[in-house]
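Let's take a friendly look at some of the words used to describe a protein model. Each one rests on a cut-off, and we can check the values against it.

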Amino acid sequence: PRRSSLPAAAAPPRLALLGFDDTTGDPSLDYARYGLPHILAVELQPVPGLATIDYQELRQHVVGTDDAAWRQAAAARGATVVVDGALDGEAPPWRLAVRLRRVDGRELARWERHAAGADVPRVLRDLAPQLASAVLGRAVTLAPPALVPADAEGALARGIDALARTDLETAERALTSAVALAPGNAEAAYFRAVTLWWRGAAADVVRAAVAAIPLDELTPARRDAITGLTLFVDHRYAEAIAWFAAALTRSPDDRDLAYGLFEARFHGGDPAGAIDAFRALRARFPRFGLGALHVFDYAMLHDDDALVAFALDVAEPDARALWAIEVDLRRGRYEAAAQALQAALDRPHPPRDLDRYMRRCLALAHALGGHVAFARALVGPPEAWPLDWALAEATGDPAAIAAAEAAYLGQRASSAPGLARMTLGMEAAILALAGDRPPDQLRAAAARLDGDTPVSYTHLRAHETVLDLVCRLLLEK
């Protein structure tokens, strides 16, 4: 490699991983831009005296697309040096170029290798000790890198990238594939467990995913995250809060620990503290939006206009549009809200879950208004059970209510503990507001689902989903 000396520095060097440009057109390397820097980051994690800023973390702070914007973001995060790379060539083996630079752009070292597409990750891993040695100015040796099948490498990279973008469906699909292709890979198993948690999978499913992780191969921060996650899915919220808070003092830059603290506080009865945790999370990861729903619902429940504005600002575009409708509803602009809601339904390709739940809300409204046949046609047979339950509640027929509740439970048999009770309580809240039924009946109905203590109406309102709230406000009119 060509090298220039590093400047003397009082503080340990901090290396930021930038993207890798790929002009090969090789489909097996479609993850190169974000996946190759992540591979280097993983290999460099054990090096004493060298801190790294992963590509996905840095991407949260980049304003612009050019090289200067990335280096500027790296400098703002405390980086002293950056590394990036390129893949090119007319045919395999491809040329892999890796360069080390100061944040001002001055090149310090460069390496070039040639590799077929499937071999690029291995060749890059082999360069990690040389890269670390160039950064630290001393010889660095690393344990031989673990062999990862090429297909698993790509699936893992795509899954991690989708998770960073909170495209959870894509992340789960890719990471499940990665685990199947590389069953012993700790990183794949870890990120799959996190994805299942974020997607709201049943507690038993999350526990099974956690059990498949080789914990001793994880970094300390990820082991801490898994411990906190286990406490969380077991509903040991007070312990989860304490654990995540302590772990964040050890690893203050870890996204999953920060998100875990937010969720544990919210579900553990400290929503105001959860809002503070979410603001801290957003400060570190400015494009991270998962959990904004909790912030918005809390803000709406407490009529906090400033917090509503914050939640709208951090929401994804689809959610922002729907939440703006809810704001219109809360402020009495019913006609505008109804038109916007119908327009969202009429979009050529509305998001799958959005479309399904919006149709369900409209169907409930039509059923309560006496248009039962239209309501059933709107949702189709698979979603007819909420209408049966709604109509049974509206008529007050105890036998019909019991039968509908049994059907409801059958639809929720695989849900996380307490979710059936929570969802039923939210539907009951909608109907109660529409038909002026007393909250005591709601608490009793919800408690029958698992024999637990009654759920407070305030708790149900604090946790209702976006579309539950839309439906409730429509029916309140």
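Predicted model: local features only at pLDDT ≥ 70, side-chain atom pairs only at ≥ 80, totals over all residues.

Residues are numbered from 1 along each chain as its sequence is written, and side-chain values use heavy atoms, with hydrogens and water left out.

Q: Why are α7 and α11 called roughly parallel to each other?
A: Helices here are DSSP runs of H or I with at least four residues, strands are runs of E with at least two, and both are numbered from the N terminus. The axes of α7 (residues 186–198) and α11 (residues 255–267) cross at roughly 25° and come within 13 Å. Axes are lines fitted to C-alpha atoms, for helices over the stretch in contact, with angles running from 0 to 180 degrees between N-to-C directions. Angles under 35 degrees count as roughly parallel, over 145 as roughly antiparallel, 65 to 115 as roughly perpendicular and the rest as oblique. The pair is therefore roughly parallel.

Q: Which residues make the contact between α7 and α11?
A: With contact meaning heavy atoms within 4.5 Å, α7 brings Y190, F191, V194, W197 and W198, while α11 brings R255, D256, Y259, G260 and E263.

Q: How do you know that the span of α12 agrees with its number of residues?
A: The expected span is 1.5 Å times one less than the number of residues. For the 14 residues of α12 (residues 271–284) that should give 20 Å, and the end C-alpha atoms are 20 Å apart, so the two agree.

Q: What makes the phi of H235 worth a mention?
A: Most residues other than glycine have a negative phi, and most peptide bonds are trans. Phi of H235 is positive, near 65°, and H235 is not a glycine. T166 also has a positive phi, of about 55°, without being a glycine.

Q: Which peptide bond is cis?
A: The bond from P92 to P93, with omega near 5°. P93 lies in the loop between β4 (81–88) and β5 (94–102).
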